[in-house]
Amino acid sequence: MAITYPVRFRSCAPQTRPLRFKSRSARRRLPTPHLQLVIDAVGDGLWDWNVQTGAVWFSPRWQTMLGFEPGEVEPHVRFWETRVHPGDWAKVQAAVQAHFDGLTPAYECEHRVRAKNGDWLWMLDRGRVVAWDKAGKPLRMIGTHTDITARKQAEAELRESRLQLNAILDNAPVGVVLVDDDRRILRANEAIAKIFLCPLEGLIGASSRLIYGDDAIYEDIGRRAYPVLEAGGIFDEETMMRRSDGADIRCRLIGRSVRSGDPALGFIWVIEDVTVRRRAEQALSDRAGFQRVLLDTAPVPIFVQDVLGHYVDANSAFERWMGLDRQSLFGKTVFDLAPPDLATIDEAADRALLADQQPQSYETQLRCADGTLRDVLFSKAVYCRVGGKPAGIVGALMDISERKHAEQALLERQQLFEQIFVSSCAIKLLVDPESGRIVDANPAAAAFYGYPLDRLRDLRISDINTLSEQEIAQEMRNAKTERRKHFQFRHRLASGVVRDVEVYSSKVVVHGRLLLLSLVHDITERCRAEEGLQRKTRELERSNAELEAFAYVASHDLRQPLRVINSYLTLLERSLGDDLDAEAKECVDFARDGAQRMDRLIVDLLEYSRVGRKAKAFRPVDLSEAADLALLNLEVAIQDAGARVTVAGDLPTVAGDDNELMRLFQNLIGNAVKYRAPDRAPVVRVTAAPHPEGWRIEVRDNGIGISFDDRERVFGIFQRLHRRDEYEGTGVGLAVCKKIVEHHGGRIWVEEPPKDDLPGGSLFCLTLPALTMGQSPQERSVVRGADRP
Ligand code: ADP
């Protein structure tokens, strides 16, 4: 649409337009060829418009700016009008009109113009009316066209980037503040308002001191940060700041200058409120510490595995139990701790656990650091990450080795008991003490009683025990007083036969029930044998006593005729006097000798029969005293033989008959002196030493000794190893010794003498029971053989 400038401008032109402006500027701004050159040189187009006719002179540069060849453009205002962007046309018109109306000293408008190729170019169109008619109508207007497309684009881009920047800043989760050289806040984003809980208006223009709670911190940060920022560096630190409501918050501050080395442009501070995050981190770290302490205080060994089965953590109890520190455990798997077959099972269990996430408990074995394989009970559960993905396995273990061993031992004991009970050939009954019912019996019992096992298990103990209740009670009392562990009963078999039995009963607990386990010994034969033995013993004792009495009486009575023979031989000798020839005298001597020898034999026999016969109550007898008395009796013989007899000073005191014990020493020492070797003076030593049977007494000499084969024989009555003309004697002495020692509860024998300082000789050894300590003198007076006749 063409503009009819003269009409319109005319009608619109204000009448109050200052005339001085019109004439002076028209005169001054005439485009001269020289000016055209200048304008072309700066790249602007030039136009000269005859407002009245509409003719326009467009400079060549004006035309080429739009992509036309010089001369190609129609030199009329129409051309320009058709090229102006329709959207800008109103603005252009208004600007021209304002100038025509004298409202503006010059026309100036930025608008788009369509170039030859159709592109829209931005032009800064500036002009001025240089000629007016008298009525104040514009006649001629001259102006320039400046291509501002590039600037416009830059401006658009700048605007866009500003918008983007604003959008970023306003939506940024962190606060951003721009401060000037004096640390005054020039700009701040929405996040800052949120962090410090104050409207932006309250911050802009204020000193940044406002958002530091503490002046000292403000000063400190300023002192340290700004030299860094001014040098182009970045300052990054956490510090305490203060919200508008007075709450202290922890913020991370990252600062830098807007342009390095140009403090005038200010400084950008990015402020992040890390209070909650730090608290969360602190809480997390507190929780980790708490969990560590909790884990390490727990007495139960606990471990953690990742999803691949690697141990990643363990508590102190686990370390102690395994005997290794957790660092060396990390990265290991169960294959490093358990036998391969068990590790395979464990790995499969872990896979199943990770799949169904149901807590598991199962028994397995682990090897400790010292190599011992322990039975353990595992309790395992999966722990998950946020979102539910399994992160690993937490396991606790209980060492059940002891329990396992106990179970195994119990099982073995049960099996053993069953074997002992069932398969042993001893007769066994399991009896309920309450009811007397036979709860169980073994096959040996069934065989003994002659009942099938089922039938036997139906019986009561009273069905087989023939004793009355009173008799049973009495037997139990007897057993108690006699401190017997068994009872003697009489059991009836299925066949009706009654057998003597010895029953050993002990309490057993079977499945919590108290029962009596009875071991039944059939002692019928033994009882019979014992009865026979007792009978024989009684008979023997009777005949022995008779024999002893006979021997005593006989030997006592025999001495009387011997004394008569002796007296008569003496009488005969005396009455015959010298009439007795040598031969008759020799006969008389033989007869006397025989009678005397017979007397000695009878005396010895008497002595032998007396040992233990009229026994006195045993009393403590100091053997040293007994030996001393014996030596006194032997004094002459010892002196005659030039013997040296030593009796050890530590002979014990024993319970016994002092006469018999003196006799014992007298016979032994007497023999030692009598059976001396012809080439050396006799030496006799009497010693004593403790012995398992009490005391061991030794009588050692250096005499002719006794050959190995005769060592038992010498204790037989009338047993002699030598002729009478070699050594005097009757062969009763050692038999008496044996009888005395046995009467005192000991033994006597001959041993090979040791090879020591005494050459050859004999060694007689005997034992005597020790006097029991703690016995009262009365108790010590043990009566041995007092019941004998
Ligand atoms: P007696 O001495 O009266 O012959 P004993 O019964 O005392 O009878 O001894 C039996 C025998 O044992 C003796 O004849 C003697 O041969 C042998 N005898 C006993 N004591 C000794 C001894 N100390 N040394 C060697 N022989 C001995």
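Student: How far does a nitrogen atom of the ligand lie from an N or O atom in the side chain of Ser762?

Tutor: Before the answer, please keep in mind that this is a predicted model, in which local features need a pLDDT of at least 70 and side-chain atom pairs count only at pLDDT 80 or more, while totals for chains, interfaces and linings use all residues. Residues are numbered from 1 along each chain as its sequence is written, and side-chain values use heavy atoms, with hydrogens and water left out.

The distance you ask about is 3.2 Å, from a nitrogen atom of the ligand to an N or O atom in the side chain of Ser762. This is a polar contact, meaning a pair of N or O atoms within 3.5 Å; within protein, one atom must be able to donate a hydrogen and the other to accept it, and residues adjacent in sequence count only if both atoms are side-chain atoms.

Helices (H or I, at least four residues) and strands (E, at least two) are DSSP runs, numbered from the N terminus, and two strands pair if DSSP finds at least two bridges between them. Five strands form an open sheet in the order E22-E24-E25-E27-E26, with mixed pairing. Because strand E22 (644-647) and strand E26 (748-751) stand at the edges and have a single partner strand each, one side of each is left without a neighbour in the sheet. From one strand to the next, the twist averages 20 degrees. Strands E25 (residues 694-701) and E27 (residues 763-768) run antiparallel and are joined by six bridges, and Glu698 has Cys765 as its bridge partner in E27.

Across E22, strand E24 (683-691), E25, E26 and E27 lies helix H24 (residues 658-674), which runs at about 135 degrees to E24. Such axes are lines fitted to C-alpha atoms, for helices over the stretch in contact, and angles run from 0 to 180 degrees between N-to-C directions; contact means heavy atoms within 4.5 Å.

Finally, consider helix H22 (residues 623-633), whose buried residues are Leu623, Ser624, Ala626, Ala627, Ala630 and Leu631. Seen down the axis of H22, these buried residues fall within an arc of 160 degrees, so they line one face of the helix; the arc is that of the directions from the helix axis to the C-beta atoms. On the other side of H22, Glu625 and Leu632 are exposed. Here buried means under 20% relative accessible area, exposed over 50%, and partly exposed in between (1.4 Å probe, protein chains only). The N-terminal end of H22 is capped by Asp622, a side-chain oxygen of which lies 2.9 Å from the backbone nitrogen of Ser624.
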